[in-house]
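Please consult the sequence and the structure shown here while reading.

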Amino acid sequence: MLASPDRVPYFAELASLRNKVRHRLAEEQARAEEDGALEASRVRAAATAAGERLERAGRRRAALEQQQAVTTDQLDRLARRADRWQTFRDTVRGGFERRWLRARMPADAGGATGPERPAATRREDEPETTGGHTRWQAVSDHDPVAEADAAERALATRAAWEGAAARPGMPRWMKFGVLAALIVVELPVYYSVFENLHGVGRFADLLSYSLMVAVAVAMILAPHIAGWILRRRSATGAVRLSSVPALALLGIWAYGAWALGDLRAKVAFREEPPLDLPPDVAAAVGDSVSDPPSLIESLHLDPHSVSWMFVALLLLSGGIAFLIGLGEEHPYLAAYRTTAERLRKLEQDIETDLAGSERAREAEATVGARAGARRAAHEARLYAVDELYEAAAHAYLDGVATESGDPAVTEAAMRLSSQWPLLPH
């Protein structure tokens, strides 16, 4: 059988097993190539998307930086306006001071009072109106001995914005909390006013509660909204005459506070009808029982004091809401802070996109290398399978030559083992 030209049955079996393994490895390689192609497409898409995001982020950053520069210029303009006002104020004050000095310390008063002390000699740069008072300096006086370039630099120096604070004065959640607390605090006051206006019954109680809540909310939100409108007047595109309805709303709110205080005083001082007593009760006892003094009378209060007390309470709570609305950030400062927060968030997104873009580029650059490594690994696996089954065939021939006692079989096995490869392809 070994010397015949026919195929050895065991070799045919080994070849069949080897081919099955090779086919399975080929299928795995095909799936790996397909997965690699999909991964390469995803990597290229991720790199393209990261590049697009970075480009859009760059345009957004340029726009935000330009917007931030605009808001900074606006804030610088406000700072220059405040500086002009302070300069005008100092100039007016300096004029009053100079006139006061001329009136109180005339220039010829030094000779009338006696010889001037040597230590009190006037400097050349000292104003004449100060006389011998060398320690006096008006706020509008300037240094005449300053160098020319220093004076030009001082004139060229323009007031600028000092920069935003680390955080706004009052956070938004605290503002809403204070407004809600003011509304809750005023609810018992309004309930004491409205509880007897609608009669008795469930529907009357519902009307009293609804009116109590509505008035409490309106009396707090009205001044708050008015203060917010007054604060937002200088925003770009805002209605400049919005202060008129805001002030009108404040007037209506103040009138409402006065009306509610007056109503509370009337409710507190309402007259109760006297009690009907039997005629056999003594007159003294009858007077003290039928017409007892009220709590307001026992406290020696009058309607005006009670009315003004409640008016002051309403004005105080509404005034706090008004100051909260008026204490909002200036529109320019709010725009600057919002732009700065957007820039900070955009910088974080850009850093994340940069890292993702670098990873995508690195992955895209190694797509070909990884595909070549997969193909080389596949070839190595196929070669290992061929070598393994060839070794099994040679081991079979060695075993046959060793175990057989026939010299012809041994010679045929040795002659067949000299062939390579033994297994057919």
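## Terms and basis

A residue is termed buried under 20% relative accessible area, exposed over 50%, and partly exposed in between, with a 1.4 Å probe and protein chains only. A salt bridge is a side-chain nitrogen of Lys or Arg within 4 Å of a carboxyl oxygen of Asp or Glu.

The model is predicted: local features need pLDDT of at least 70, side-chain atom pairs count only at pLDDT 80 or more, and totals for chains, interfaces and linings use all residues. Residues are numbered from 1 along each chain as its sequence is written, and side-chain values use heavy atoms, with hydrogens and water left out.

Because Arg-53 belongs to helix 1 (residues 9-104) and Asp-353 to helix 10 (residues 331-365), the pair ties together parts that are 300 residues apart in sequence. Helices (H or I, at least four residues) are DSSP runs numbered from the N terminus.

Arg-53 is partly exposed at 35% relative accessible area, whereas Asp-353 is buried at 14%.

## Asp-90 and Arg-89

Asp-90 and Arg-89 form a salt bridge through their side chains, at 3.8 Å from N to O. Asp-90 is partly exposed, with a relative accessible area of 27%; Arg-89 is partly exposed at 45%.

## Glu-328 and Lys-175

In the salt bridge of Glu-328 with Lys-175, the closest N and O atoms are 3.2 Å apart. Glu-328 lies in the loop between helix 9 (303-326) and helix 10, and Lys-175 in helix 4 (residues 172-194), so this pair ties together parts that are 153 residues apart in sequence. Both Glu-328 and Lys-175 are buried.

Terms used:
Helix = DSSP H or I, 4+ residues; strand = E, 2+ residues; numbered from the N terminus.
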